[in-house]
Amino acid sequence: MAADLLRVALLVYRGNPHSGGQGVYTRYLARELVGLGHEVTVLAGQPWPVLDDGTGFVGVPSLDLYRQPDPFRLPRLWELRSAADVAEFAIMCTGGFPEPRTFSWRVRRVLAAQRGRYDVIHDNQTFGSGMLDLMADGWPLLGTCHHPITVDRTLDLRHAATWRRKLSLRRWYGFLAMQKRVARQVPRIVTVSESSKRDIVEQMGIRPERLAVVPIGVDHERFRPRPDV
């Protein structure tokens, strides 16, 4: 591989290509990096991502507790094989969202067996506590923050009709404190717009000089200007 080309491990805790933007972003970012000559391997949890030819894939299985058609399912006892499994189930049972935290623990374990395999680790908005351990292990790490989830939390709380609903939402968004703490320690963060950059600085306390704006691209073969709109 040429000196200016990289071996990239692209992390995404939910690879779902049909809901939300993380799986879509992961697929097309990986495809375009491969097109530039880089070697890209996606490490992802369920729902599994859809990836194009030329992109490598390593599954990092979770308990998949929110899968359809049985979200918030009760795992069988034999499924609880690690501390991450137990924590994932326990956090779900108390109304929290465990996946960013537990994925980061699992992916650290996977990468521990692949020292020297990648030149850079690119985290797609996990910002779980295990990312700090990855850096302590010596991995070069950068992250993408599409927008701060604090915005989602604020909107949800504003529309909550009862105190019980507000309490439930605050527990669900409990992972945000971890994400803010971790993101402040990631050396370099990519975001997708100047608006997102402003929100990240204001709401996550990240210094603006550590943020780089790389706008999301558009498939010009599918989308085009329409003079009648």
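**Overall size.** I began with the radius of gyration, taken over C-alpha atoms. For 229 residues a compact globule would come near 17 Å, and the chain has 18 Å, which agrees. The rule I used for the globule is 2.2 Å times the number of residues to the power 0.38. I also boxed the C-alpha atoms along the principal axes and got roughly 55 × 50 × 35 Å.

**Ground rules.** This is a predicted model, so I kept in mind that local features need pLDDT of at least 70 and side-chain atom pairs count only at pLDDT 80 or more, while totals for chains, interfaces and linings use all residues. I number residues from 1 along each chain as its sequence is written, and side-chain values use heavy atoms, with hydrogens and water left out.

**Surface and contacts.** I find 45% of the 229 residues buried, meaning under 20% relative accessible area with a 1.4 Å probe, protein chains only. The accessible surface (Shrake-Rupley method, 1.4 Å probe) comes to about 12,600 Å², and carbon and sulfur atoms hold 55% of that. I then looked at contacts, meaning heavy atoms within 4.5 Å. Of those between residues at least 6 apart in sequence, 56% join residues at least 24 apart.

**Charges.** I counted Lys and Arg as positive and Asp and Glu as negative, leaving out His and the chain ends. Each charge sits at NZ of Lys, CZ of Arg, CG of Asp or CD of Glu. The 32 positive and 24 negative charges have mean positions 8 Å apart.

**Strands.** I get eight helices and seven strands for the chain; these are DSSP runs numbered from the N terminus, helices being H or I of at least four residues and strands E of at least two. I call two strands paired if DSSP finds at least two bridges between them.

I started with β1, residues 7–12, where five of six residues are buried. β1 runs parallel to β2 (residues 39–44), with six bridges joining them; V8 has V40 as its bridge partner there. β1 also pairs with β4 (residues 120–124), again in the parallel sense, over four bridges, and here L11 is partnered by D123.

Next I asked myself why β2 is largely enclosed by the rest of the structure. Five of its six residues are buried, so that explains it. β2 is also joined to β3 (residues 56–59) by four bridges, running parallel, and V42 stands opposite F57 in β3.

How values were computed. Buried < 20%, exposed > 50% of the residue type's maximum accessible area, 1.4 Å probe, protein only.
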